[in-house]
Amino acid sequence: MADNQSALGGKTVLLAEDELTTLKVMSSSLKAENINVIEAVDGQQAYDLAIAQHPDLVILDIQMPKLDGLTVLEKLRLDDWGKNAEVMLLTNYNDSEKILLAFRQKAFSYLVKSEYDTETLVKKIKEKLNLS
Amino acid sequence: MLDIILIFICSGLLIIGLYFYIKNYQYKNTIHSQKKENEQKVYELSVLKELGERIGYSLNIEKISDIISGSLHQFIDYSAVSYMLLTPKNIKFKIYLESSVSRKFVEDVRNRMLHSLSALLNRKYESNQVDETITGSLVLDDSDDQVNSFFNIPLVINDKVVGVFTVAHTKSGHFQEKEMTILYKITQQASRAVARLQDVVANEQFKLNSMVESMSEGVLMTDNNLHLLVANPAVKRIIGYERNQIVTIFDFFERLKNSLDIKSKLEESIKLKKINYLAEVIINQKYYEVFISPVKSSKETDKILGGVVIFRDISQSKELEKMRNDFTSMLVHELRSPLDGIKKMAKFMQKEGSVKTSEDLHEYLNLIHNSSTNMLQLVNNLLEVAKIESGKFEINATKNDVRKIIQTKIDFYTPAALEKNNTFKFIFDSDISKEIFFDANGINRVLENFISNALKFTREYKDIEIAAFLHKYGQDLIQEGNKLNIHWFLPTAEKQRVIIDDCLVVAVTDYGKGIEPEKIEKLFNKFVQLQANLATPEKIGTGLGLVIAKGIVEAHYGVIGVSSKLEQGTTFYFTIPLIIKK
């Protein structure tokens, strides 16, 4: 699902999200900012696509079928590229235990989706990509 | 002549008077001695009673013996009274001197007693085992009194000789049966009191011991110096010992060192007379509630006898609590995610330029529709579970044709089955009368749940077997199934499948991977199911289907169950009694 339109350069984000409305909105909003988006609807797909395409930023939901976001993160950290990859957890879990686990695996940000509107989320992603 | 007559009369009178006088005197004497005897008896009784009270609830035989020898002079006149008692360490000899006697006299009494004790117990006791105490008057070295009369009364408690009493006098022939009877009576009474008390104590101790032994809570008790007095099997198990193994307090210090500092907690409790409560202590991955308390003397509440530690296993309630918390946070997540998505989608669509074509519009609306449908299904299922749990789930039983209902479901699922190259095999017992009372909607949902699950799990090119038959009162369900050639996974060995009342049995069997035993017991648990479902690849539905199915079947007074063999397959079944109580 890589977006090959912008082979000219620009940043690429892997967006793993099983809630399809959210995936669609986020994906469209990022594309509107000229960011390439790779979409994944479950954890396994997210891992495979990340390893294959080395995006500039991996955005993971936590609750996903097949592999949850934290497991994907753990697996990524074992990979040569993945161990230093930029990872952001974007979820609706507001659970300190899970946040702790995420930071242990060097996740750079942890955002609770429903606390932000789409514009703010896009802004934060752009900051992470040094685009703003 | 008159004189003679007069004298005669006077003499007669005198004689008569004398006679009466003597008679009267004798009579008076008898009365007096009877009175004295009565007084003596009353006195004896009152002293015995007082003795009884003083002995009271004492179990200390030495103390009792002291009381007896201290009161005996009220009844008997003697030079010395003494007792000799067997103790675990030695033989206790104590002599009260009523008057001063020679050393030889004491020696004599002592030897006679030792001899008597040896004879009573048929054992040889040596003089050097005796611990001697002399009280009362002084021992005079220059006197040469001898024991000229004496008697022994053994002290017997619960048919066991524990010692002997001796009363001795320097005068010879001094004691008669009367004196012996008195001492005998007293020792008898003391012995009975002690025996009774010992029984009570032993009985209580036995009760207490068996109670502590059988307690599921771990109990350990120490004295003030932390010497271990009691450690019941449960507490041994907690630190990983077998019930018959011998443990010391150091085993507890060592094995619990990563969980709690039991030594200082006990010391603190004993020293400060304070109860310590620890709400959550983890020992070998299990959770315990721990109470550490001083043991107070029942008589003197200020006196501390030691410390007690009680461990209560709270792992199960802890696990349940964690399950509930997980369930709640999962639920919040599952409702928040689609809501947030829908909200963001609506906002996104309002933005100029986001909806360019009618295909775009169609796609976005479709996403919103699907999201809200899933969420609604979850909410509906949760409401249903809540209804079932609160007992407000009602069934509407009407006459229904089972065969038709099952066949309709099979027809509905056949296209999906064909995609995986599965076929349905339907075994229907012709004994089933056309119409049975049940709630058609409810049973339809149970069937949907069973069949869609079977479809999910059965292997390619395999059957899904659906069987319906009547179970007869007193028959073995397995045999009934065998007669119909049902290939299910109900355990054959057990006799438990004899369901009492006549009922309809419906079983759906898949030939898939089977279910692990530890997962089987959680299949009908809502807390686990919602969570487990989210982790499955398909994430179809809410995972609450079986929880609801169970509620529906049980509302019919039926039974729902599952049996599985790993790598072979799984059978889900339910029963509906033929007579439904309304």
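**Exercise 1.** Which strands of chain B does helix H3 (residues 103-121) of chain B lie across, and at what angle to E7(B) does H3 run?

*Solution.* The model is predicted; local features need pLDDT of at least 70, side-chain atom pairs count only at pLDDT 80 or more, and totals for chains, interfaces and linings use all residues. Residues are numbered from 1 along each chain as its sequence is written, chains are lettered from A and ligands numbered from 1 in written order, and side-chain values use heavy atoms, without hydrogens and water.

Helices (H or I, at least four residues) and strands (E, at least two) are DSSP runs numbered from the N terminus. Helix H3 lies across E1, E2, E4, E6 and E7 of chain B. Its direction is at about 150° to E7(B), where angles run from 0 to 180 degrees between N-to-C directions of axes fitted to C-alpha atoms, for helices over the stretch in contact (heavy atoms within 4.5 Å).

**Exercise 2.** State the strand order of the open sheet and explain its edges.

**Exercise 3.** Describe how E1 and E2 of chain B pair.

*Solution.* Strand E1 (residues 80-86) and strand E2 (residues 91-97) of chain B run antiparallel, joined by 7 bridges. Within this pair, B:Ser82 stands opposite B:Ile95 in E2(B).

Note on methods:
Two strands pair if DSSP finds at least two bridges between them.
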